[in-house]
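Let's take a walk through this structure together, with the 3D view open beside the text.

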Amino acid sequence: MADPFNLDGAIYGQAGEEEEESVVDQLKRVWKNERCAPNLLQYEKELVDMVKEALDQQQDYVDSMRKTMTDETMIFMLKLLELEVDRIRFVLRAYLRARMCKIQKYNMFLLSDRAQMDRMSSVELKACKAFTDAMEAHQNHSFVANIPENLRNLHAPDMIVKPDMDSHVFIKVLKNVGSIRVEDEDVEMNKDEIVLVNYSHVEGLIERGEAAMV
């Protein structure tokens with residue numbers, strides 16, 4: 001069986017391919033973006049599915065080769081390959097875990113708006129609804145019935161936790177995108193620059209892959 005991760009290039013990228021981002025590098029970037037951005041970003045379904053499929057294929061390859069391989073050098077190389085698979089799996093799980101933390105924190109905000117709901121995968125949306133139902137049942141049983149009636153609406157706007165879109169973040173500009181409006185001035189965004197900026201001004205750059213969180 002061929003190496004589904006193609007460690008010579010397909011997923012990791014060929015030497016000298018400066019402009020083309022490998023799949024593993026994409027996964028690292030979206031993980032860091034998710035971890036550092038204040039809001040829940042769009043679920044990267046195509047990328048996640050691709051990585052999951054490659055991980056499953058690679059694990060099957062390792063398992064099958066382990067049963068027949070006797071050469072010590074090849075066994076050592078197989079162990080290195082398995083370590084690399086575990087490393088990629090860790091990044092994937094960390095990405096999904098970072099998203100779930102935000103989903104639990106901003107659950108009512110995410111469910112209050114269709115555009116926000118569309119940022120979640122079907123599994124995440126189901127988990128968000130189940131978490132919200134469980135929290136409401138717990139709150140109603142624990143204390144809601146004992147507080148004044150005008151304070152019992154847990155879905156009131158001032159009761160919903162929202163992400164701080166005006167927080168300041170560091171970003172790395174990945175492409176020359178020209179100038180953007182920041183407060184009352186135009187700021188040039190040139191490739192490879194590191195910029196400290198209000199997140200609301202660069203959210204679109206992050207979503208389009210023109211900048212990355214650092």
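**A guided tour of the model**

Glu 183 is exposed, with a relative accessible area of 53%, which puts it past the cut-off of over 50% for that class. You will find Glu 183 in the loop that links strand S2 (178-182) to strand S3 (185-189). Its backbone deserves a look as well: Glu 183 is not a glycine, yet its phi is positive, at about 55°. Most residues other than glycine have a negative phi. Asp 192 is another residue with a positive phi, about 75°, although it is not a glycine either. Asp 192 sits in the loop between S3 and S4.

Before going further, please keep in mind that this is a predicted model. The mean pLDDT of the protein is 87, and 90% of its residues reach 70 or more. Among the elements, S5 has the highest mean pLDDT, 97, while helix H2 (residues 45-68) has the lowest, 89. Two stretches call for some care when you look at them. Over residues 1-5 the pLDDT stays under 50, and the model gives this stretch 16 contacts beyond four places in sequence. Residues 13-17 also have a pLDDT below 50, with 3 contacts in the model beyond near neighbours in sequence.

Now for the overall plan. The protein has 7 helices and 5 strands. Reading from the N terminus, the elements follow the order α-α-α-α-α-α-β-β-β-β-α-β. Of the contacts between residues at least 6 apart in sequence, 62% join residues that are at least 24 apart. Buried residues account for 38% of the 214 residues. The accessible surface comes to about 13200 Å², and carbon and sulfur atoms hold 52% of that area.

Next, turn to the sheet. Which strands form it, and in what order? It is an open sheet of 3 strands, arranged S4-S1-S5 with antiparallel pairing. Strand S4 (194-198) and strand S5 (211-213) are at the edges and each has a single partner strand, so one side of each lacks a neighbour in the sheet. On average, neighbouring strands here are turned by 40° against each other, direction ignored. Strand S1 (residues 168-173) pairs with S5 over 3 bridges in the antiparallel sense. To see this pairing at the residue level, find Val 173, whose bridge partner in S5 is Ala 211.

Helix H7 (residues 199-207) lies across S1, S4 and S5, and runs at about 125° to S4.

Let's stay with helix H1 for a moment, as Glu 34 is placed there. Is Glu 34 buried or exposed? Its relative accessible area is 1%, so Glu 34 counts as buried, the cut-off being under 20%. Leaving aside residues up to four places away in sequence, Glu 34 touches Asn 39, Leu 40, Leu 41, Tyr 95, Ala 98, Arg 99 and Lys 102.

Finally, a word on cysteines. How many disulfides does the model contain? The count is 0, with a disulfide taken as a pair of cysteine sulfur atoms within 2.5 Å. Cys 128 has 0% relative accessibility and therefore counts as buried. Cys 36, at 28%, is partly exposed.

Conventions
Residues are numbered from 1 along each chain as its sequence is written. This is a predicted model: local features need pLDDT of at least 70, side-chain atom pairs count only at pLDDT 80 or more; totals for chains, interfaces and linings use all residues. Side-chain values use heavy atoms; hydrogens and water are left out. Two strands pair if DSSP finds at least two bridges between them. Helices (H or I, at least four residues) and strands (E, at least two) are DSSP runs, numbered from the N terminus. Axes are lines fitted to C-alpha atoms, for helices over the stretch in contact, and angles run from 0 to 180 degrees between N-to-C directions. Contact means heavy atoms within 4.5 Å. Buried means under 20% relative accessible area, exposed over 50%, partly exposed in between (1.4 Å probe, protein chains only). Accessible areas come from the Shrake-Rupley method with a 1.4 Å probe; for residues, only the protein chains shown count as cover. pLDDT is the predictor's confidence in each residue, from 0 to 100.
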